[in-house]
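Biologist: I would like to go through this model one feature at a time. Please give the general idea, then the case at hand.

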Amino acid sequence: MDEDKPHFFKAQCKRDGLLVLVARLILGAVFIYASMDKIAHPEAFAEVVHNYQILPDALVNLTAIVLPWLELVTGAFLVIGLFREGTVSIVTLLLTIFFGAVIFNLARGLDIHCGCFHTSTQLTDSTSMSWYVFRDSLFLLTALYLFFRTFRGRRQKAGM
């Protein structure tokens, strides 16, 4: 083993900075964790997606199957730093959509279980939509920071 070669995360921290690495690891862990229960219980997650009353019925099952796997893959890619520009773009888009969906239902007066981390409603019956908005806004701010750091850093390296 090469003793002079820096540790993987140490090299990434040196290249991108500590805050970018921490933001990637946090969002990656959140996405991986969020995908687990949805992958294990696709029927229950389809019911959660249906309760949002945003998608046509034909897209509910497809979303319930594809979305958790997309969360898992993008979460893993964030943690290991693979395909960073594309991954950060997808994660930022997903978090914008999630945030918009929660705000949309809050504005309509619907108080539904978000299904963000687990499909069971027993643990979150008392959780308010305001908490989901606050939590999702923190995730979205982290993703936006990562997005701008990723693409601003790319423009600076290209000399634009």
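Biologist: Which residues have the most contacts inside the largest nonpolar core?

Modeller: First, this is a predicted model, in which local features need pLDDT of at least 70 and side-chain atom pairs count only at pLDDT 80 or more, while totals for chains, interfaces and linings use all residues. Residues are numbered from 1 along each chain as its sequence is written, and side-chain values use heavy atoms, with hydrogens and water left out. A nonpolar core is a set of buried Ala, Val, Leu, Ile, Met, Phe, Trp, Tyr and Cys residues joined through side-chain atoms within 4.5 Å. Buried means under 20% relative accessible area, exposed over 50%, and partly exposed in between (1.4 Å probe, protein chains only). Here the largest core has 32 residues, and those with the most contacts inside it are Leu27, Tyr52, Val91, Leu95 and Leu146.

Biologist: Which elements give two or more residues to this core?

Modeller: Helices are DSSP runs of H or I with at least four residues, numbered from the N terminus. The contributors are H2, H3 (42–51), H4 (57–80), H5 and H6 (129–158). H6 gives the most, with 7 residues.

Biologist: What does Val91 touch?

Modeller: Contact means heavy atoms within 4.5 Å. Leaving out residues up to four places away in sequence, Val91 touches Leu27, Phe31, Thr74, Leu78 and Ala143.

Biologist: Is Thr92 buried or exposed?

Modeller: Thr92 is found in H5 (residues 84–107). Its relative accessibility is 7%, so Thr92 counts as buried. Beyond its neighbours within four places in sequence, Thr92 is in contact with Leu140, Ala143, Leu144 and Phe147.

Biologist: How many aromatic pairs does the structure hold?

Modeller: Rings of Phe, Tyr and Trp (its six-membered ring) pair if their centres lie within 6.5 Å; planes under 30 degrees apart count as stacked, over 60 as edge-to-face and the rest as tilted. The structure holds 6 such pairs. One of them, Tyr33 with Phe117, is tilted, at 5.7 Å centre to centre and 35° between the planes. Tyr33 is in H2 and Phe117 in the loop between H5 and H6, 84 residues apart.

Biologist: Which residues form an aromatic cluster with Phe117?

Modeller: Tyr33, Phe117 and Phe139 form one cluster. Phe117 and Phe139 make an edge-to-face pair, with 6.3 Å between centres and 70° between the planes. Phe139 lies in H6 and Phe117 in the loop between H5 and H6, so this pair ties together parts 22 residues apart in sequence. Tyr33 is exposed, at 53% relative accessible area, whereas Phe117 is buried, at 18%.
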